[in-house]
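Reader: Please walk me through the labels used for this structure. I would like to see how each one is reached.

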Amino acid sequence: MTSQPVVTPAGSQPVDQGFSVELGHERPLRLDCGVELDRFTMAYQTYGALNADKSNAILICHALTGDQYVASAHPTTGKAGWWERIVGPGKPLDTDRYFLICVNVLGGCMGSSGPKEINPETGKPWGLTFPVITIADMVRAQARVLDYLSIEQLFAVIGGSMGGMQVLQWAHAYPERVFAAVPIAAAARHSAQNIAFHEVGRQAITADPNWQGGNYLEVGTVPRAGLAVARMAAHITYLSEPALRRKFGRKLQDRNRVTYGFDADFQVESYLRHQGITFVERFDANSYLYITRAMDYFDLAAEHDDTLSLAFEKTPVRFCVISFTSDWLFPTWESRDIVRALNAEAANVSFVEIESDKGHDAFLLEEPEFDRTLTGFLNGAARRRGLPA
Amino acid sequence: MNGPVTLPRVADTRVDLLLIADMIPSRSRVLDVGCGEGDLLHVLSTQKDVDARGIEISQAGVNACVSNGLSVIQGDADIDLVDYPDQAFDYVVLSLTLQATRNPRRVVEEMVRIGRHAIVSFPNFAFWKIRLQLLTRGQMPETQLLDEPWWETPNIHLCTIRDFEDLCRDLNLVVEKRVYLNRDGTATWFSSIEQLGNLFAQQGLFLLRRA
């Protein structure tokens with residue numbers, strides 16, 4: 001053996017820290033809550049190369065607990081990128097063909113301005129003094145990154161779950177900057193049930209004494225238990241009952257019989273505990289509060305007398321709306337509402353419901369039908385946009 | 001995947017769809033209702049630069065269309081046409097699907113509302129072989145076009161060419177063009193003579209608009 005590959009402690013490829021840009025000096029970012037940010041940082045990753053006329057850029061919008069490490073190792077966990085399955089040469093999001101950008105959302109905890117970062121005014125972590133942000137604010141901040149990259153129009157904006165909300169917001173707020181939009185497993189407004197689940201998560205965090213009224217970073221504690229419980233509750237909503245039954249059933253964890261105690265007797269308990277513990281290592285509790293709140297506030301129809309179609313009046317954007325049969329967090333009927341609104345504007349829209357028992361998380365998992373849909377839609381849009389095959 | 005009826009294909013495209021494509025000028029906006037696996041949409045968008053959209057009831061058909069880069073949604077002619085605004089399309093096409101809708105009259109009304117023109121084709125139930133089968137056997141007829149037994153056919157509202165002419169008069173529609181088709185989807189030589197069409201055509205194809 002002549003050479004050894006570089007091996008990081010996590011056993012994955014070397015970590016790429018990506019890019020980060022400080023914005024707002026010349027043009028402060030005005031947020032929905034009224035606050036103006038005149039210094040904010042946005043961290044992002046890119047894959048592939050921007051073509052000469054800058055027409056092949058795709059913005060990927062990440063979900064609630066996602067980040068910009070779409071197809072590269074996570075700097076904290078060393079794990080593969082969250083959409084590495086479909087991003088890369090020859091894959092549906094083909095890096096030989098498209099220039100992919102993913103920006104850590106405003107309020108996030110992977111380098112973009114958020115409660116975990118230092119407030120440049122005070123030199124201390126923002127904590128709960130960070131302004132409450134919305135999906136529209138996240139999108140405004142992403143648009144500033146594109147301004148910085150001198151990308152006038154995106155070929156496509158793609159995202160699942162909260163990423164799908166951002167896609168819809170992009171099409172609504174910047175129709176001329178979006179050629180094609182792919183909202184996946186998303187909704188145009190956050191449902192009462194989903195707000196309720198978010199509230200459970202937030203209550204778990206704030207009930208943890210280590211949360212310290214939000215000042216845990218200054219005090220030097222971590223609200224591990226609270227954030228882990230929030231993640232466990234949320235994680236159940238990302239799955240489906242059939243998937244849980246298929247994966248775990250009532251199988252016991254490393255034992256032959258129940259122990260008549262409160263240890264993790266069942267495999268499903270052990271799995272959830274693991275999900276909770278690993279999440280705490282990579283995510284900030286206050287960020288979780290801010291981002292869930294942004295989703296709760298999302299309602300595209302609200303500012304149009306509850307008529308969603310008005311949010312897409314005469315839209316030139318080509319849409320591909322995708323849902324999954326077993327997703328009960330963002331069920332198909334919510335995607336259908338989007339389609340109906342787009343039909344009312346005679347918009348160019350495709351709508352595919354993918355048969356899957358994997359629940360909301362299906363968009364992150366192996367679903368060949370989903371890959372075919374995404375590839376086909378992008379190919380059709382690329383033809384229309386005049387991108388070389 | 002089969003639609004409501006089974007038809008021969010030429011170079012992988014149904015012949016009657018090519019006749020429909022001929023009625024549609026380049027660069028128009030078209031909605032194909034019941035677009036199946038997108039044959040007509042494909043011809044229109046690749047050969048005529050048409051802004052072509054589709055509605056298809058079967059999820060498998062929809063997925064096949066979108067995978068081929070066509071703009072198609074899963075939907076139902078009886079339910080989803082109401083969502084579209086008036087005159088949103090130049091042409092709205094309903095090919096061999098009218099007889100499978102719950103409310104054909106309402107569907108045709110919606111088509112001429114959302115499209116400047118409507119193109120409708122349907123199997124002609126007055127075709128002589130159908131008449132003969134009913135007369136001689138006293139049983140529900142089965143033809144090459146309508147090849148399923150009565151208890152499993154999706155075709156619940158069959159009509160004749162004459163019936164359809166009546167409906168158009170009733171709805172105050174202008175028949176801009178009528179073509180009578182053979183079994184293989186080609187036009188018959190008697191396409192201007194209604195008497196012959198109603199007896200000898202397997203399929204009627206109508207180009208309509210509001211008066």
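Reader: Why is B:Phe200 called partly exposed?

Author: B:Phe200 has 37% relative accessibility, so it counts as partly exposed. Buried means under 20% relative accessible area, exposed over 50%, and partly exposed in between (1.4 Å probe, protein chains only). This is a predicted model: local features need pLDDT of at least 70, side-chain atom pairs need 80 or more, and totals for chains, interfaces and linings use all residues. Residues are numbered from 1 along each chain as its sequence is written, chains are lettered from A and ligands numbered from 1 in the order written, and side-chain values use heavy atoms, without hydrogens and water.

Reader: Where is B:Phe200 found?

Author: In helix α8 (residues 194-200) of chain B. Helices (H or I, at least four residues) and strands (E, at least two) are DSSP runs, numbered from the N terminus.

Reader: What makes strand β9 of chain A largely enclosed?

Author: Seven of the seven residues of β9(A), residues 154-160, are buried, so the rest of the structure largely encloses this strand.

Reader: How do you know that β5(A) and β9(A) pair?

Author: Pairing takes at least two DSSP bridges between two strands. Strand β5(A), residues 57-61, and β9(A) have four, in the parallel sense. A:Ile60 stands opposite A:Ile158 in β9(A).

Reader: Which strand do six bridges join to β9(A)?

Author: Strand β10(A), residues 178-184, which runs parallel to β9(A). Here A:Val157 stands opposite A:Ala181.

Reader: Which residues of helix α3 of chain B are buried?

Author: Among them are B:Gly61, B:Val62 and B:Cys65, in the helix of residues 59-67. Just after α3(B), B:Gly69 takes a positive phi of about 80 degrees.
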